[in-house]
Amino acid sequence: MGSLVATGLVGLVSTSAAYAIESCVASLKKQAIAAGVRPEIAEQMLGKASYDEKVIRFSTSQPEHKTEIWDYMAFLVDPQRIQDGKKNLNQHSRTLASIEKRYGVNRHVVLAVWGIESDYGNFRGDFYTPHALANLACAGKRRQKYFRGELIKTLQIASRGDVPAKDFVGSWAGAFGQTQFMPSTYNSLAVDFDGDGRKDLVNSVPDALASTANFLKNAGWRDSRPWGYEVTVPNGYSGPSGRKTYASLSTWSKRGLKRVGGGGLSGKLEAALIRPAGANGPAFLVTRNFRALRSYNASTSYGLAIALLSELVAGREPFKTPWPTSNPGLSRAQRLELQKLLNRNGFDVGEPDGKVGPATRAGIRKAEAKYGLPVTGRPSWNVYTALGGK
């Protein structure tokens with residue numbers, strides 16, 4: 001009886017939410033048309049909008065665990081992304097050189113943002129942007145006014161003819177295109193680099209990459225300085241640190257810091273010391289260019305992933321200091337193989353796709369318990385090898 005009641009309540013909630021969305025979307029169409037959106041565009045993009053439980057769940061759920069930086073880096077800066085980056089660097093060399101010259105942003109950094117944000121245009125998201133934004137504007141628990149504005153801007157972009165209405169695919173939060181711009185960011189920073197009269201960040205690689213360079217320039221990137229350096233810190237160091245505490249390279253040298261791999265620390269260039277994995281992991285002196293990278297996605301791990309990928313596609317060396325773990329993370333190929341191994345060993349996680357969601361984490365926890373490993377649900381090297389991964 002209890003389960004039937006629960007099922008009935010879920011049905012009532014879903015029906016109520018669906019009705020509220022329907023009424024709200026009708027109002028949003030009117031607002032969009034009043035804001036200059038062509039009626040046929042408003043109908044095309046919102047006519048089939050309905051309640052999306054997944055969007056609402058993503059907008060309200062907290063991450064079930066903290067992603068360690070070595071997991072984050074193993075997934076985002078893996079051999080395949082590096083190899084694909086080098087191919088794209090060669091394929092789009094003239095475009096990237098022109099963008100670097102016009103905006104003063106390193107071509108390898110622009111390429112790295114593209115690689116991290118959409119795997120060089122190969123994966124742009126799972127959601128139709130107008131429908132996701134309609135859900136957030138109508139049924140979301142926070143910032144409804146903001147998402148309403150982003151939705152109207154999305155419809156205006158399509159109405160102007162910059163991006164075809166059907167091509168708005170992206171994240172649950174409304175970012176779209178090959179380098180994942182929110183509509184308001186698009187309006188302020190997107191550029192028409194291929195000269196066809198449209199700012200199309202979905203179908204035009206030159207527009208997407210140039211818009212990213214424009215974003216980074218606006219965020220303070222200056223190609224006259226590096227993003228930073230990997231450094232060694234003296235044992236027992238107790239001096240200043242933190243990404244907002246800047247000092248000249250000469251000052252850091254006096255504090256005993258040295259560049260990994262040689263090269264001096266001298267001059268007036270200002271940098272801040274970050275130690276993202278604590279005192280036992282890699283340390284970096286990062287300039288205000290790193291702050292520009294971090295502005296793309298407010299995360300130190302994200303900024304370092306962009307920085308590392310840019311170094312590797314340029315043919316330079318990886319970070320030298322290992323992450324402080326004996327159980328490192330897995331690449332995308334290894335995550336896909338892990339899912340296959342879980343299925344093969346009786347821990348059903350569904351169709352392998354390389355994406356680690358709730359079903360995969362549940363399967364990992366069962367496998368960890370069986371093999372006497374700490375039960376974390378984390379796609380790690382230890383569970384991978386315990387299942388037969390190589």
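**An antiparallel sheet in a predicted model**

Strand β3 (residues 228–232) pairs with β5 through 2 bridges, in the antiparallel sense. Strands are DSSP runs of E with at least two residues, helices are runs of H or I with at least four residues, and both are numbered from the N terminus. Two strands count as paired if DSSP finds at least two bridges between them. Within this pair, V231 has R259 of β5 as its bridge partner.

The model is predicted, so local features need pLDDT of at least 70 and side-chain atom pairs count only at pLDDT 80 or more, while totals for chains, interfaces and linings use all residues. Residues are numbered from 1 along each chain as its sequence is written, and side-chain values use heavy atoms, with hydrogens and water left out.

The β3 and β5 strands belong to an open sheet of 5 strands. The order is β4-β6-β7-β3-β5, and the pairing is antiparallel. Strands β4 and β5 (258–259) form the edges, each pairing on one side only. In general, strands of a sheet pair through backbone hydrogen bonds, either parallel or antiparallel.

Strand β6 has two partners described here. Strand β4 (residues 246–248) runs antiparallel to β6 and is joined to it by 3 bridges. In this pairing, A247 stands opposite A271 of β6. Strand β7 (residues 283–286) also pairs with β6 in the antiparallel sense, over 3 bridges. Here L273 stands opposite L285 of β7. Of the 5 residues of β6 (residues 270–274), 4 are buried, so the strand is largely enclosed by the rest of the structure. Buried means under 20% relative accessible area, exposed means over 50%, and partly exposed lies in between (1.4 Å probe, protein chains only).

The protein chain as a whole holds 17 helices and 7 strands. Its radius of gyration is 23 Å, close to the 21 Å that the globule rule gives for 390 residues, so the chain is as compact as a globular protein of that length. The radius is taken over C-alpha atoms, and the rule is 2.2 Å times the number of residues to the power 0.38. Along its principal axes the C-alpha trace spans about 65 × 60 × 40 Å.

Of the 390 residues, 48% count as buried. Among contacts (heavy atoms within 4.5 Å) between residues at least 6 apart in sequence, 67% join residues at least 24 apart. The accessible surface (Shrake-Rupley method, 1.4 Å probe; for residues, only the protein chains shown count as cover) comes to about 18700 Å². Carbon and sulfur atoms account for 51% of that surface.
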